[in-house]
Amino acid sequence: MKKLVSVLLAAMMALSLCACGASAGSAADGGAKDAGSGASDIKVGFICLHDENSTYDLNFINGAKEACKNLGIEPIIKVNIPEGQECYDAACELADAGCSFIFADSFGHEDYMIEAAKEYPDIQFSHATGTKAHTEGLANYHNAFASIYEGRYLAGIVAGMKLKEMIDAGEITPDQAKIGYVGAFTYAEVISGYTSFFLGARSVVPEATMEVTFTGSWYDETAEKEGATKLIQDGCVLISQHADSMGAPTACENAGVPDVSYNGSTEAACPNTFLVSSRIDWAPYFEYAIKATANKEAYDTDWTGTLETGSVALTDLGKSVADGTKEAVEEAKKKLQDGSLHVFDTSTFTVEGKELTTYMADVDTDPDYKGDHEAIKDGYFNESGEGMRSAPYFDLQIDGISLLDTAF
Amino acid sequence: MEKKIRVPLFHLAKREELSKKKKFIIRIIAIVAALLLCALLTALATGINPLEVYGSLVGGAFGSVRKTWITLQDLSILLLISVALTPAFTMKFWNIGGEGQVLVGGLATAACMILLENKIPSVLIMLVSFIAAVLAGALWGLIPAVCKAKWNTNETLMTLMMNYIATQLVSFFVIIWEVPKGSGKIGIINQNSHDGWMVQLFGSKYMLCIVVSAVVTVFMYIYLNYSKHGYEIQVVGQSINTAKYVGINISKVIIRTMLLSGALCGLAGMLLVGSINHTITTTIAGGQGFTAVMVSWMAKFNPFTMIPCAFLIVFMNRGAGEIATNFGLNPSFADIMTGIILFFIIGCEFFINYSIKFRKMSGGRS
């Protein structure tokens with residue numbers, strides 16, 4: 001047996017050595033072609049938690065490809081990298097391969113990116129959704145996120161318009177306007193997302209309520225599908241999600257329930273029930289950060305994309321949206337941009353029956369979960385605000401939303 | 001009534017023991033066939049030159065110094081778990097609870113690192129974690145062993161179910177220790193103080209696992225082949241009645257062996273948490289407790305033969321990521337190739353043990 005396997009390996013190695021020669025040759029050809037354009041002399045690497053089957057990762061992969069195409073470089077993309085030492089290994093392997101900008105896309109990658117950043121001080125490391133860059137004090141470690149709560153709010157308006165249409169048509173009564181939401185985990189990023197979505201819907205239908213179920217995983221198609229189905233059976237007439245598979249949209253399509261998805265359009269798979277999807281367009285950030293890296297300039301430790309930077313985007317509307325949706329969204333978008341409308345306006349929601357006047361948010365991550373920054377400013381909750389951090393920290397349970405299965 | 005004797009087109013017959021040379025040739029044929037099939041599949045399904053894919057696999061495992069170290073480290077962990085399961089298999093105790101035994105070992109280590117930070121010196125934390133992990137793993141092996149010895153319960157089911165308990169236990173503690181609350185992640189434990197992080201041998205963070213695994217493998221070979229315990233294990237495995245006849249205390253052997261098996265799995269868990277990942281998740285063992293079962297069987301319970309067997313699997317895993325990156329192929333494609341190669345390797349044993357005899361044409365009709 002031992003002999004057998006060693007021979008097998010020897011054979012494979014021999015075969016592949018020939019192959020190595022071949023592939024090295026073709027890589028060199030590729031390099032030569034790019035040499036003409038702008039930032040093309042640098043290599044960039046991307047680390048993704050899952051592969052293109054996850055809408056979340058696909059959104060990053062598309063963003064990376066777009067940004068790199070604009071800059072005339074070829075990205076190295078590593079997929080299915082778990083949130084463990086594998087992430088550190090992957091980051092270091094990319095560094096060894098000559099990348100000068102390395103990016104990771106999942107919350108749990110953060111600690112491992114920090115470890116890699118400490119080891120390679122001359123290489124820029126960026127991490128999406130993370131919370132530690134502003135306190136870590138590393139010049140080459142960066143966080144980035146976008147004010148996606150604004151996108152969620154706009155998507156919520158689309159949902160609200162649909163609910164209103166159903167009420168006006170007599171399909172449901174106003175108190176049956178219950179939204180279902182499939183979330184992954186019970187921390188701020190998800191809470192901020194479903195709350196902003198809900199507030200958007202409630203700005204159209206004041207009677208709307210919401211139920212949220214949690215799966216305890218970013219990508220679990222079965223659990224997400226079951227979660228959505230359960231919510232529909234529970235009487236939810238519209239579904240949205242913050243988890244990364246096609247589970248919830250598929251359940252909606254099967255049940256004929258309108259769906260607001262996330263990270264990108266699901267219209268191709270769910271043509272009858274798809275309303276809209278909000279997503280973060282990562283291309284602007286990638287271009288900004290890679291250009292800065294190529295020019296050896298410092299760039300933001302903690303970067304927040306907005307509607308202005310083109311980072312917060314809505315997909316095209318599905319064909320089943322209510323009349324007037326487009327106009328309502330445009331109007332709200334304009335108000336959000338000129339500052340006359342705030343998503344977390346404290347006059348629009350209550351916590352335990354009371355309006356919020358002060359709240360210490362847990363902006364600096366530590367094991368004590370103590371609030372350390374005042375988040376209420378000029379009558380609104382200052383999410384992803386100046387001097388705070390890009391990743392969401394809105395973690396309040398507002399009235400009108402009930403949580404199911406929080407102990408996943 | 002006239003009886004017709006129908007001779008089938010072919011039939012199987014048990015072979016005499018083949019010469020080493022012939023066995024070797026059969027295995028080579030199997031491997032070449034597996035590689036050819038993989039190549040064909042690659043070319044047909046993806047249109048990519050299979051030689052380039054094979055090259056990428058090697059690049060993924062040995063493309064740089066770091067990659068080589070990581071490959072060796074992964075190999076050492078899988079080997080350690082395989083070797084740990086082996087004494088149980090040798091006595092025909094179907095321990096498929098390696099996953100759970102590794103997990104509780106890891107959980108014990110994580111608990112020591114989290115709870116003892118800044119309370120006692122790092123060296124002591126390491127020592128305490130080592131003891132805790134080994135005890136936790138041993139306990140996870142002991143429970144099914146005692147039930148088997150006392151009440152003759154089914155150890156396959158028992159060890160399997162212990163895996164689920166271990167997974168749930170870990171997810172319970174993840175929720176207690178998670179940072180931030182609700183994220184489902186502990187993150188790197190003691191990232192700044194490095195309290196309880198296992199020592200680095202020869203200045204390399206990869207070395208500890210490799211050395212531990214090498215020592216355990218040699219130990220296990222000697223233990224199984226040259227010790228009285230090892231002999232007792234072999235006898236219990238071959239025939240319970242013989243063991244009874246020669247006066248071996250079977251219950252004692254079962255319990256003792258599972259304690260050893262579980263303790264070594266716990267040790268693997270300690271390395272995974274204390275030396276490699278510095279965190280604990282429900283998936284930290286990554287199915288290696290099950291893969292190790294296959295490695296142990298493929299190697300016919302010989303600890304040294306397990307080295308190339310485990311290497312094959314680790315090599316393919318490491319290569320999987322590389323072909324995904326280089327060719328945009330889903331890493332599952334490498335799993336398919338691994339499956340084909342394993343199928344051929346295990347399948348060729350059939351042709352070593354049996355021969356196919358075809359019907360002779362002359363006078364075949366009756």
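Of the 366 residues in chain B, 49% count as buried. This is a predicted model, and everything I say today is computed from it.

Chain B has 13 helices and 2 strands. Its C-alpha trace spans about 90 × 60 × 40 Å along the principal axes. If we take the contacts in chain B between residues at least 6 apart in sequence, 77% of them join residues at least 24 apart.

The helix I want to look at is H8(B), residues 228–238. Which of its residues are buried? They are Glu232(B), Ile233(B) and Val236(B). These residues lie on the same side of H8(B), because they cover an arc of only 100 degrees around the axis. As a reminder, residues three or four places apart in an α-helix point the same way, because there are 3.6 residues a turn.

Next, what covers that side. The cover for the buried residues of H8(B) includes helices H3 (65–90), H7 (207–226), H9 (240–245) and H10 (250–277) of chain B. I will take H10(B) in detail and then one residue of H9(B).

For a pair of packed helices, the description is the angle between the axes and the distance between the axes. The axes of H8(B) and H10(B) cross at roughly 115 degrees and come within 10 Å. At that angle, H8(B) is roughly perpendicular to H10(B), because 65 to 115 degrees is the range for that term. The crossing of these helices is left-handed. On the H8(B) side, the contact is made by Glu232(B), Ile233(B) and Val236(B), and on the H10(B) side by Ile250(B), Val253(B) and Thr257(B). By type, the residues of this contact are 4 nonpolar, 1 polar and 1 charged.

Now the residue from H9. Ala243(B) sits in helix H9 of chain B. Is Ala243(B) buried or exposed? Ala243(B) counts as buried, because it has 20 C-beta neighbours inside 10 Å, and 20 is enough for that label. Apart from neighbours within four places in sequence, Ala243(B) contacts Val235(B), Val236(B), Ile248(B) and Ile250(B). Two of these names have come up already: Val236(B) and Ile250(B) are among the residues through which H8(B) and H10(B) touch. Ala243(B) and Ile233(B) are 10 residues apart along the chain, and their C-alpha atoms are separated by 9.3 Å.

Chain A has 408 residues, and buried residues make up 55% of them. Its secondary structure comes to 11 helices and 17 strands. For contacts in chain A between residues at least 6 apart in sequence, 66% join residues at least 24 apart.

The helix pair here is H6(A), residues 148–168, and H11(A), residues 325–338. Their axes are 9 Å apart, and the packing angle is about 150 degrees. That angle makes H6(A) roughly antiparallel to H11(A), since the term applies over 145 degrees. The crossing of H6(A) and H11(A) is right-handed. H6(A) contributes Glu150(A), Leu154(A), Ile157(A), Val158(A) and Met161(A) to the contact, while H11(A) contributes Thr325(A), Ala328(A), Val329(A), Ala332(A), Lys333(A) and Leu336(A). The residues of this contact divide into 8 nonpolar, 1 polar and 2 charged.

I will finish with some loop residues in chain A. Most residues other than glycine have a negative phi. Asn80(A) is not a glycine, yet it has a positive phi of about 60 degrees. Asn80(A) lies in the loop between strand E2 (75–78) and helix H3 (85–96) of chain A. With 20 C-beta neighbours inside 10 Å, Asn80(A) counts as buried.

Asn263(A) also has a positive phi, of about 80 degrees, and is not a glycine. Its place is the loop between E9 and strand E10 (274–280) of chain A. Asn263(A) is buried, with 22 other C-beta atoms within 10 Å.

Why does Gly256(A) count as exposed? Because it has 9 C-beta neighbours inside 10 Å, and 12 or fewer means exposed. Leaving out neighbours within four places in sequence, Gly256(A) is in contact with Asn272(A) and Thr273(A). The C-alpha atoms of Gly256(A) and Ile232(A) are separated by 9.9 Å, with the residues 24 apart along the chain.

Note on methods
Residues numbered from 1 in each chain as written. Chains lettered and ligands numbered in written order. Predicted model: local features only at pLDDT ≥ 70, side-chain atom pairs only at ≥ 80, totals over all residues. Helix = DSSP H or I, 4+ residues; strand = E, 2+ residues; numbered from the N terminus. Arc of directions from axis to C-beta. Contact = placed C-beta atoms within 7 Å. Axes fitted to C-alpha atoms, helices over the stretch in contact; angles between N-to-C directions. Parallel < 35°, antiparallel > 145°, perpendicular 65-115°, else oblique. Left-handed = near helix turned anticlockwise from the far one by under 90°. Nonpolar A, V, L, I, M, F, W, Y, C, P; charged D, E, K, R; others polar.
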